[in-house]
Amino acid sequence: MAKKGSITKVLISIVFIALGIGHVIQALEHLLNFDLNGVLACSLGVLMFVLGILGLFRASIKACRVIAVIVCVLSAASFIMTLVGGSLAGITTTLVWAILAWLYFDIS
């Protein structure tokens, strides 16, 4: 029987892949258009996608934890920047990303 932590890790990995796949496609479009700012803006989504793939293939725990911390910090920073900017668009999304990344770090 699988442990609860491993099932949760797989489910969060699938969520990260689902959320990050759109950003990967956008990053490729920005890269083809030579838009470096667009690629940097999509870096959080790309990192989430990579973390999801690493989680599904049971990569090194240290690598997964490092990427999870980076995703959590970038998401939290994006959340704070959105609040400071006065925009309400994307606040819940970035907060959920930060919480999921922290949960992923906690269970791995």
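## Confidence of the model

The protein chain averages a pLDDT of 81, and 89% of its residues score at least 70. Here pLDDT is the predictor's confidence in each residue, from 0 to 100. Helix 2 (residues 36-41) has the lowest mean pLDDT among the elements, at 67, while helix 3 has the highest, at 87.

This is a predicted model, in which local features need pLDDT of at least 70, side-chain atom pairs count only at pLDDT 80 or more, and totals for chains, interfaces and linings use all residues. Residues are numbered from 1 along each chain as its sequence is written, and side-chain values use heavy atoms, with hydrogens and water left out.

## Overall layout

The chain has 5 helices and 0 strands. From the N terminus on, the order is α-α-α-α-α. Helices (H or I, at least four residues) and strands (E, at least two) are DSSP runs, numbered from the N terminus.

Of the 108 residues, 31% count as buried. Buried means under 20% relative accessible area, exposed means over 50%, and partly exposed lies in between (1.4 Å probe, protein chains only). A contact means heavy atoms within 4.5 Å. Among contacts between residues at least 6 apart in sequence, 64% join residues at least 24 apart.

## The nonpolar core

In soluble globular proteins, nonpolar side chains tend to be buried together. A nonpolar core is a set of buried Ala, Val, Leu, Ile, Met, Phe, Trp, Tyr and Cys residues joined through side-chain atoms within 4.5 Å.

The largest such core here has 15 residues. Ile12, Phe16, Met48, Leu51, Val71, Ala101 and Tyr104 touch the most other members. At least two core residues come from each of helix 1 (4-32), helix 3 (43-56), helix 4 (61-85) and helix 5 (91-107). What does Val71 touch, not counting residues up to four places away in sequence? Its partners are Leu44, Leu47, Met48 and Ala101.

## Helix 4 and its ends

Helix 4 has 25 residues, which should span 36 Å at 1.5 Å a residue. The expected span is 1.5 Å times one less than the number of residues. The end C-alpha atoms are 36 Å apart, so the two values agree. Its buried residues are Cys64, Ile67, Ala68, Val71, Cys72, Ser75, Phe79 and Thr82. They pack against helix 3 and helix 5.

Ser60 caps the N-terminal end of helix 4. A side-chain oxygen of Ser60 lies 3.3 Å from the backbone nitrogen of Lys62. Just after helix 4, Gly86 takes a positive phi of about 85°. Arg58 also has a positive phi, about 50°, although it is not a glycine. Arg58 is found in the loop between helix 3 and helix 4. Its relative accessibility is 65%, so Arg58 counts as exposed.

## Aromatic pairs

A pair of aromatic rings is described by the distance of the centres and the angle of the planes. Rings of Phe, Tyr and Trp (its six-membered ring) pair if their centres lie within 6.5 Å; planes under 30 degrees apart count as stacked, over 60 as edge-to-face and the rest as tilted.

The structure holds 2 aromatic pairs. Phe16 and Tyr104 form a tilted pair, 6.1 Å centre to centre with 55° between the planes. This pair links distant parts of the chain: Phe16 is in helix 1 and Tyr104 in helix 5, 88 residues apart. Phe16 is buried, at 0% relative accessible area. Tyr104 is buried too, at 0%.

Trp102 and Phe105 form a tilted pair, 5.3 Å centre to centre with 35° between the planes. Both lie in helix 5, 3 residues apart, about one turn of the helix. Phe105 is partly exposed, at 23% relative accessible area.

Definitions and conventions:
A polar contact is a pair of N or O atoms within 3.5 Å; within protein, one must be able to donate a hydrogen and the other to accept it, and residues adjacent in sequence count only if both atoms are side-chain atoms.
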